[in-house]
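The exercises below are meant to be worked with the model open on the screen.

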Amino acid sequence: MFSLKPPRPTFKSYLLPPPQTDDKINSEPKIKKLEPVLLPGEIVVNEVNFVRKCIATDTSQYDLWGKLICTNFKISFLTDDPMPLQKFHFRNLLLGEHDVPLTCVEQIVTVNDHKRKQKVLGPNQKLKFNPTELIIYCKDFRIIRFRFDESGPESARKVCLAIAHYSQPTDLQLLFAFEYVGKKYHNSANKVNGVPTGGSGGGSQKTPLFETYSDWDREVKRTGAAGWRVCSVNEGYMVSTCLPEYFVVPSSLADQDLKTFSHSFVGRRMPLWCWSHANGSALVRMALVKDELRQRRVDQRVCNAVTKSHPQRSDVYKSDLDKTLPSIQEVQAAFVKLKQLCVNEPFEETEEKWLSSLESARWLEYVRMFLKHSAELVYTLESRRVSVVLQVMLDPYFRTIPGFQSLIQKEWVMAGYQFLDRCNHLKRSEKESPLFLLFLDATWQLLQQHPAAFEFSETYLAVLGDSTRIALFGTFLFNSPHQRAKQSTEFAISKNIQLGDEKGLKFPSVWDWSLQFTAKDRTLFHNPLYVGRSLPRVQNGLAKPFKRTKRNCSSTLRGVPASFKNGILRDQEALPRRNSLVLKAKPDPPPPRAEGPDGGLERFFREWLSRPADLHGLLLPHVSGVHVRLWKLCYFRWVPEAQISRGGSSTAFHKLSLLADEVDALSRTLRQRRAGPLQACYAEPDQSRMYFRASGPHDAAGTPEFLSSSFPFSPVGNLCRRSISGTPLSKFLSGAKIWLSTETLASED
């Protein structure tokens with residue numbers, strides 16, 4: 001009989017996994033999807049997978065694989081691969097590690113290796129070939145390269161066209177800031193980085209925006225400007241669209257006079273008060289009179305009003321900037337040559353002629369001209385006690401972070417500097433010119449020469465320059481306050497946004513630094529050498545205000561070596577090294593004699609340079625060629641070949657930060673011990689204003705490993721010309737004969 005039971009299996013498989021329950025299946029990790037972090041109003045336009053980001057040109061060892069995304073705000077590269085060779089990253093909260101704002105893009109180049117074609121993409125151009133490579137040239141000197149070897153050809157072509165289209169908008173309202181603010185008004189609960197949009201989490205309350213009558217009135221009272229008043233004749237921009245609604249004019253100049261004479265000035269830019277000296281002199285800025293027939297009458301009326309505002313009725317001294325300073329076209333041409341020298345040309349091909357090429361670019365010459373002209377006008381203010389028609393920074397308040405921000409807000413943003421055109425947000429190259437960067441560079445020169453007089457660091461200046469290329473903040477987005485009000489109102493009407501009593505959309509302010517950086521990273525903005533007025537000192541167990549006298553000052557704080565005399569390098573001194581990036585220029589020509597045969601201007605500079613600098617008083621720049629240097633942190637931070645591991649100014653910044661933090665900690669301890677039991681309950685929080693702390697983990701180990709001459713920025717992830725780090729000099733020392741000259745090779749044979 002046959003058995004009904006099935007036969008036992010004689011073969012057992014050891015390859016199949018054991019049966020699993022549903023719980024075990026659900027607990028398996030899912031494949032992680034790479035999704036971008038989007039801001040309010042930000043949308044993904046196009047994307048492509050399996051993209052390779054190139055880290056070096058001659059090897060693919062360190063390349064990253066991921067997804068390339070184009071949004072209406074940025075170009076984003078998402079990857080799970082860790083960044084090779086990078087030990088520190090200074091992160092912007094609005095951007096990812098590999099993100100580039102669209103307004104930071106300068107040029108887009110697509111390449112097809114097989115057909116040996118390349119094309120610079122414009123906003124509405126067609127791409128007839130499928131790209132295998134995408135190269136992005138950025139305004140901040142970065143070069144980023146992507147490869148599409150494993151990507152779909154059609155997807156790669158579409159994402160390139162999307163980047164070209166959205167990075168070159170044709171209309172102001174197409175910039176991302178409008179979508180961002182519009183989304184905020186539709187949903188007032190939106191927050192960015194934990195801070196309400198448009199809030200003041202980063203200190204915007206400390207920075208006056210000069211959009212109201214009260215802001216100008218407080219500034220007039222702060223400077224003690226007598227004979228000047230805040231006028232509201234331009235409310236609603238009824239008189240001039242280039243000036244703010246409120247500004248300061250001489251008290252003797254009536255509103256009707258302003259309306260009458262406004263037509264005579266170019267752009268209706270009437271005389272605008274900027275700052276008042278303690279001796280009664282004032283800085284005034286105005287445009288040229290376009291009608292030569294009325295020029296004499298207008299000058300007489302305006303100059304008389306300015307003269308009456310001076311307590312001694314001194315005459316007006318004029319400075320025509322069009323004749324004394326380079327034009328915007330000359331500044332732009334010098335900047336293009338500087339960028340070509342710092343970024344595009346390989347170091348090994350230009351090392352021998354690098355300094356001469358830097359000199360021929362004329363960028364440092366223009367920085368020197370601005371500093372020298374400002375110093376000459378300082379003499380006019382200090383010695384002759386006259387009113388100057390020009391903006392010059394003399395107030396120590398402007399050397400603090402809130403003061404410097406208020407200066408930019410007052411003299412650049414509200415005074416109608418054309419950020420939209422000069423920063424080229426809409427890709428109109430004929431109007432582009434980096435005048436604001438030139439101003440930051442000149443400020444950096446003063447910071448290097450008088451480091452203890454400035455509250456902010458060079459990192460702060462570099463980040464401030466970077467913020468002009470982020471199309472989110474209304475601070476650096478428009479040509480004038482009137483354009484901001486008009487464009488935002490039109491956008492609000494088109495989107496059915498109810499403004500209420502507001503005159504326009506409220507864009508985020510760049511001075512709200514909490515939108516971009518954490519509190520820890522914002523401590524890098526502070527200069528550890530800064531000596532403030534209100535620092536307490538302890539004497540006989542009591543805290544007293546710190547008062548700096550000339551005896552306490554040291555000439556070393558001004559950064560003047562003993563081998564310099566009157567700002568000129570002595571002839572017997574050795575020449576600077578070729579790779580020191582310091583130019584030895586000819587001695588400055590003798591300044592013009594302003595007072596009789598003795599030359600008051602020359603005597604004024606000689607006397608000032610002979611005594612210690614007053615950190616809270618007048619500061620004069622050293623304008624000889626040896627003192628005007630290249631701002632390497634700004635222009636070299638993305639060039640790997642130019643980096644010095646554990647070197648550069650960052651090592652001094654690290655040590656000084658540790659000392660400053662230790663002094664702050666000792667001061668807190670002394671104040672707590674002097675306080676009574678009740679005050680001890682409300683002890684000061686143990687918060688340091690320094691990034692590096694004396695009690696931190698890096699103190700015992702010495703110089704942190706991640707420090708380099710580009711700190712806190714890192715060039716890793718940007719296109720470098722060689723895969724190894726180092727300069728041609730380091731290769732020469734390591735024995736690479738490729739860097740030897742033909743004469744040397746001939747002598748060896």
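**Exercise 1: a helix pair**

The crossing of α12 and α14 is right-handed, a crossing counting as left-handed if the near helix is turned anticlockwise from the far one by less than a right angle, and right-handed if clockwise. This is a predicted model, in which local features need pLDDT of at least 70 and side-chain atom pairs count only at pLDDT 80 or more, while totals for chains, interfaces and linings use all residues. Residues are numbered from 1 along each chain as its sequence is written, and side-chain values use heavy atoms, with hydrogens and water left out.

Task: find at what angle the axes of α12 and α14 cross, and which residues meet.

Solution. Begin with the axes, which are lines fitted to C-alpha atoms, for helices over the stretch in contact, with angles from 0 to 180 degrees between N-to-C directions. Those of α12 and α14 (residues 435-449) come within 13 Å and cross at roughly 150°; helices here are DSSP runs of H or I with at least four residues, and strands are runs of E with at least two, numbered from the N terminus. Next, list the contacts (heavy atoms within 4.5 Å): Phe-404, Leu-407, Ile-408 and Trp-412 of α12 meet Leu-435, Phe-436, Phe-439, Leu-440 and Thr-443 of α14.

**Exercise 2: the last helix in this set of tasks**

Task: determine which residues of α16 are buried, and against which helices they pack.

Solution. First locate α16, at residues 481-494, whose 14 residues reach 20 Å from first to last C-alpha, close to the 20 Å expected at 1.5 Å a residue. Finally, trace their partners, which are α3 (176-186), α12 (401-413) and α13 (419-422). Just after α16, Asn-496 takes a positive phi of about 55°.

Definitions and conventions. The expected span of a helix is 1.5 Å times one less than its number of residues. Buried means under 20% relative accessible area, exposed over 50%, partly exposed in between (1.4 Å probe, protein chains only).
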